[in-house]
Amino acid sequence: MNKEDYLKPLVDERGRELLPCRIVPSPMEGVMTDLFCRTMIELKLTDCWISPFIRISNAVPGIKSLKGKIRRFTESGLPLTVQIMGNDPSFMAGTAKELASLGVKGININLACPSKTVLKNNSGGALLKKIPLMKEIITAVKDGAGGLPVSVKIRSGFSSISETPLILDALLEVAPAYVIFHFRTVAEEYEDVPDGLKRTYRAVKFFGEIPLIASGDIFSVADASSTIAATGCAGLAAGRGLLKNPFLIREILESLDSEKIFQEKSHEEKAALFFMKTLDLARENPSRYWNRSSIIESARNLWGVEHPFFKKLLSMTDKEILASLKDLF
Ligand SMILES: Cc1cc2nc3c(=O)[nH]c(=O)nc-3n(C[C@H](O)[C@H](O)[C@H](O)COP(=O)(O)O)c2cc1C
């Protein structure tokens, strides 16, 4: 693929749009808060969303509950793919059907989550070692989604990468629209692994026609370039890197295009711009957006715990944080 192709939507061989953009925010439960998403939207830092998982346990959630769970994404007007996670094919299919009626652009099935509670429930990453159930779920969700693209998020195995071929073979049989591939195994959680790009490259080759969106350790434009160059993936999903530098997707897109705006700004400037917007939103609508701990968490991600501004912020009262926007920096 040429560099410029990464600026185009992801489509299948019939020209059906699978994803409106190829450089996407990776789903992140807990940190994609209402306020984080709103700040991203106000600063136009993404062109689409893939939501964190909605857990499907004992029933198909009611339409009102689903609407509430996706509101922070849908009200941006940006195309949304919703991720669902569970182990019951009929509840998962029913949820996909309800979500389709809400106008979402795609469904993604979580087959990757390494949380102990999730694994105990035979959901998320646990399904990578329950291949028949995994296939049943994907087939059922495709039926329920009524023509919407159904994709999956996987890791390279449950306990070992020797499982990768078996998992990929099974996926080829049920043909998801695309695959978001995090190169670590479930057991590796977030450990450093030396051969992440090699694992991704092998998966890209294995999948052939099925597009692979690469996930894992994309913290900079250089990481994005090397992942694209080394693997030939169809797109990138940026996770933790986006928390540290919320401008990352824009910068990656700019590196693939000719105009440069954000790459020429320093990290301090970008962090301040993002944080000021976050505080503006919290000040304008405190009942919805003010949450001290998530604002402090955002500052920690942007600057790190040793930064003088982060230390200063910790010692400030809520009132001081909200009132003295201009004196903060
Ligand atoms: C706080 C947090 C929450 C996450 N929640 C989800 C989730 O809801 N669904 C999912 O598929 N992956 C989730 N992930 C995994 C990320 O989407 C991504 O695949 C992983 O962090 C590797 O990419 P990175 O190195 O760019 O962070 C989460 C990761 C983090 C750090």
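1. Before the strands, the pairing rule: two strands pair if DSSP finds at least two bridges between them. Helices (H or I, at least four residues) and strands (E, at least two) are DSSP runs, numbered from the N terminus.

2. Some housekeeping. This is a predicted model, where local features need pLDDT of at least 70, side-chain atom pairs count only at pLDDT 80 or more, and totals for chains, interfaces and linings use all residues. Residues are numbered from 1 along each chain as its sequence is written.

3. Strand S5 (residues 80-86) runs parallel to S6, with four bridges joining them. Between the two, the chain passes through helix H3 (residues 89-101), and this β-α-β crossover is right-handed (with the strands pointing away from the viewer, the path from the first strand over the helix to the second runs clockwise). S6 also pairs with strand S7 (residues 150-155), again parallel, over five bridges, and there Ile109 stands opposite Val152.

4. S6 itself (residues 106-111) is mostly covered, with six of its six residues buried (20 or more other C-beta atoms within 10 Å of a residue's own, C-beta atoms being placed from the backbone). Gly106, Asn108 and Asn110 point one way, while Ile107, Ile109 and Leu111 point the other way.

5. Now the ligand. 21 residues surround it, the closest being Ser26, Glu29, Pro52, Gly239 and Arg240 (C-beta atom, placed from the backbone, within 6 Å). Strand S4 (49-56) and helix H9 (240-244) each supply at least two residues of this shell.

6. By type, the shell around the ligand has eight nonpolar, nine polar and four charged residues. Here Ala, Val, Leu, Ile, Met, Phe, Trp, Tyr, Cys and Pro count as nonpolar, Asp, Glu, Lys and Arg as charged, and the others, Gly among them, as polar.

Technical notes. A residue is buried if 20 or more other C-beta atoms lie within 10 Å of its own, exposed if 12 or fewer, and partly exposed in between; C-beta atoms are placed from the backbone.
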